[in-house]
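Subject: The structure I promised you

Hi,

Here is the structure for you to open while you read. Have a look around first, then follow my notes below.

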Protein chains: 4
Amino acid sequence: MEKEKIAIIENDQFAKLVGLELVKVEQGYAEVRMEIKEKHLNGVGIVQGGAIFTLADFAFAAAANAGRTVTVGINANITYSKPAKGKTLLAKASETSASRSLCNYTVDIYDEDHDVLVAKFNATGFIKN
Amino acid sequence: MEKEKIAIIENDQFAKLVGLELVKVEQGYAEVRMEIKEKHLNGVGIVQGGAIFTLADFAFAAAANAGRTVTVGINANITYSKPAKGKTLLAKASETSASRSLCNYTVDIYDEDHDVLVAKFNATGFIKN
Amino acid sequence: MEKEKIAIIENDQFAKLVGLELVKVEQGYAEVRMEIKEKHLNGVGIVQGGAIFTLADFAFAAAANAGRTVTVGINANITYSKPAKGKTLLAKASETSASRSLCNYTVDIYDEDHDVLVAKFNATGFIKN
Amino acid sequence: MEKEKIAIIENDQFAKLVGLELVKVEQGYAEVRMEIKEKHLNGVGIVQGGAIFTLADFAFAAAANAGRTVTVGINANITYSKPAKGKTLLAKASETSASRSLCNYTVDIYDEDHDVLVAKFNATGFIKN
């Protein structure tokens, strides 16, 4: 990847705050890991939906911006399936389709210790030309 | 509201990390404010989608859990309309429908300084009986 | 509206099959009515989700294509709140935001006889320039 | 499958109107085919979004109601990737997760003649106990 692209991903302050680690990235695919800590929990003691969304969204942004002109998310949806019980979440983002101006991604978020699907996320990006 | 309910909202560690302030809450309605800081920005210098989602989701959770048995989010979607240019975001969550087991919410997120709609969020909650 | 635009809306064969009546249309707003008939019902005797979606989607398409270059839907979501008990459904589509290439719509679908919200629909359109 | 379950699927009047053919169904999985005809087209001559949604939704309903107590869709989203150019659409619905009261499905809709992904659909169902 070009340097500028890496900067877009690495300069994400909110991803740093949340504690996201970019594990793998190539055009159209990315994996991001989040070690679950006290700070990620909601009032009933499970990982907050916003933390899971942020993890998935960052994996999408990394994959969509790898080797391409800037892509911005225009909308996204998330469905939660099981609460995470392990210590690590892993998000895997894959491009499912793309045209000149738009791209679509699916992100699966796993409880890495138990290999359980925690949530599914879909997003559409607008490719700035 | 009963004490236990307030605890669910106030003990949210992730909301504290992100810096969310519960401004108003009653059954079926809530407002949450977020002062935009460096930590909320993504790699291109605008508020990260995950931060906006977290703000909206917390407003939904507060409104849905006010004066009712525990409600958990089962899915949500967000559509971004304009980047925030001001210093504060305000999310307003309203219940649009509810049955015995399910409730639906719409959350509008505004750039409070410019009175501009930044994003729209919809979520469905499962009411634990 | 220009003639060509009216044609796009009036030549919709699927809308004819389903029995949709365009009640009102102007740039960014439309109302479409559907008289509920036997053909719209699913296997448990209520209006099929696909019929409600089609009604909402057509209202969105009419509003988004009124007085503008061709707009195509890129994604949409629908949340069902109550089964329709009356004889007519009315969908009201409103634009919530728009930029040069994208527009966002919310469509509320009512049981017109009982003034009850049956479903909420959101869609994003791509404006072809 | 029990007879009553088959009835729920086979008595769907709207599926008949649209011309949907249930190709395969078992608990958690279904395939539905739609031969593209004039009646499915919108005003610009491509398959109407509502027809594609209805195809996907019926595949979801068939899979979710096969061998289980009645399941009703509570919300759904669809993302369009490419216009269909062939003569047949095939929808494949798979359950991605389920709990006691809720189930989640992903449906991929293909242009069968060109093996191209036309749309992706996700839905959440409520399992009536």
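Let's start with one residue. Ala123(C) is buried, because 27 other C-beta atoms lie within 10 Å of its own, and 20 or more are enough to count as buried. Keep in mind that this is a predicted model.

Where does Ala123(C) sit? You'll find Ala123(C) in strand S6 of chain C, which covers residues 116–127. Leaving aside neighbours within four places in sequence, Ala123(C) is in contact with Asp57(C), Phe60(C), Gly73(C), Asn75(C), Ala76(C) and Tyr105(C).

- Strand S2 (residues 29–35) of chain A runs antiparallel to strand S4 (residues 88–98) of chain A, and seven bridges join them. In this pair, Glu31(A) stands opposite Lys92(A).
- Strand S3 (residues 71–80) of chain A is joined to S3(B) by five bridges, and these two also run antiparallel. Ala76(A) has Ile78(B) as its bridge partner there.

How many residues does each chain put in? Chain B gives 33 residues and chain A gives 32 residues. On the side of chain B that touches chain A, the elements giving two or more residues are helix H1 (3–10), helix H2 (13–18), helix H3 (49–65) and strand S3 (71–80). S3(B) gives the most, with eight residues. By class, this side of chain B has 15 nonpolar, 13 polar and five charged residues.

Now for chains C and A, where seven residues of chain C are in contact with seven residues of chain A. Strand S3 (71–80) and S6 of chain C each supply at least two residues of the side of chain C that touches chain A. The largest share of that side, three residues, comes from S3(C). The side of chain C that touches chain A divides into three nonpolar, four polar and no charged residues.

Last, a pair of helices. Helix H3 (residues 49–65) of chain C packs against helix H3 (residues 49–65) of chain D at an angle of about 155°, with the axes 9 Å apart. Why do we call H3(C) and H3(D) roughly antiparallel? An angle over 145 degrees counts as roughly antiparallel, so H3(C) and H3(D) get that label. Their crossing is right-handed. H3(C) makes the contact with Gly49(C), Gly50(C), Phe53(C), Thr54(C), Asp57(C) and Phe58(C), and H3(D) with Gly49(D), Gly50(D), Phe53(D), Thr54(D), Asp57(D) and Phe58(D). The classes here are four nonpolar, six polar and two charged residues.

Cheers

Notes
Residues are numbered from 1 along each chain as its sequence is written. Chains are lettered from A and ligands numbered from 1 in the order in which they are written. This is a predicted model: local features need pLDDT of at least 70, side-chain atom pairs count only at pLDDT 80 or more; totals for chains, interfaces and linings use all residues. Two residues are in contact if their C-beta atoms, placed from the backbone, lie within 7 Å. Helices (H or I, at least four residues) and strands (E, at least two) are DSSP runs, numbered from the N terminus. Ala, Val, Leu, Ile, Met, Phe, Trp, Tyr, Cys and Pro count as nonpolar, Asp, Glu, Lys and Arg as charged, and the others, Gly among them, as polar. Two strands pair if DSSP finds at least two bridges between them. A residue is buried if 20 or more other C-beta atoms lie within 10 Å of its own, exposed if 12 or fewer, and partly exposed in between; C-beta atoms are placed from the backbone. Axes are lines fitted to C-alpha atoms, for helices over the stretch in contact, and angles run from 0 to 180 degrees between N-to-C directions. Angles under 35 degrees count as roughly parallel, over 145 as roughly antiparallel, 65 to 115 as roughly perpendicular and the rest as oblique. A crossing is left-handed if the near helix is turned anticlockwise from the far one by less than a right angle, and right-handed if clockwise.
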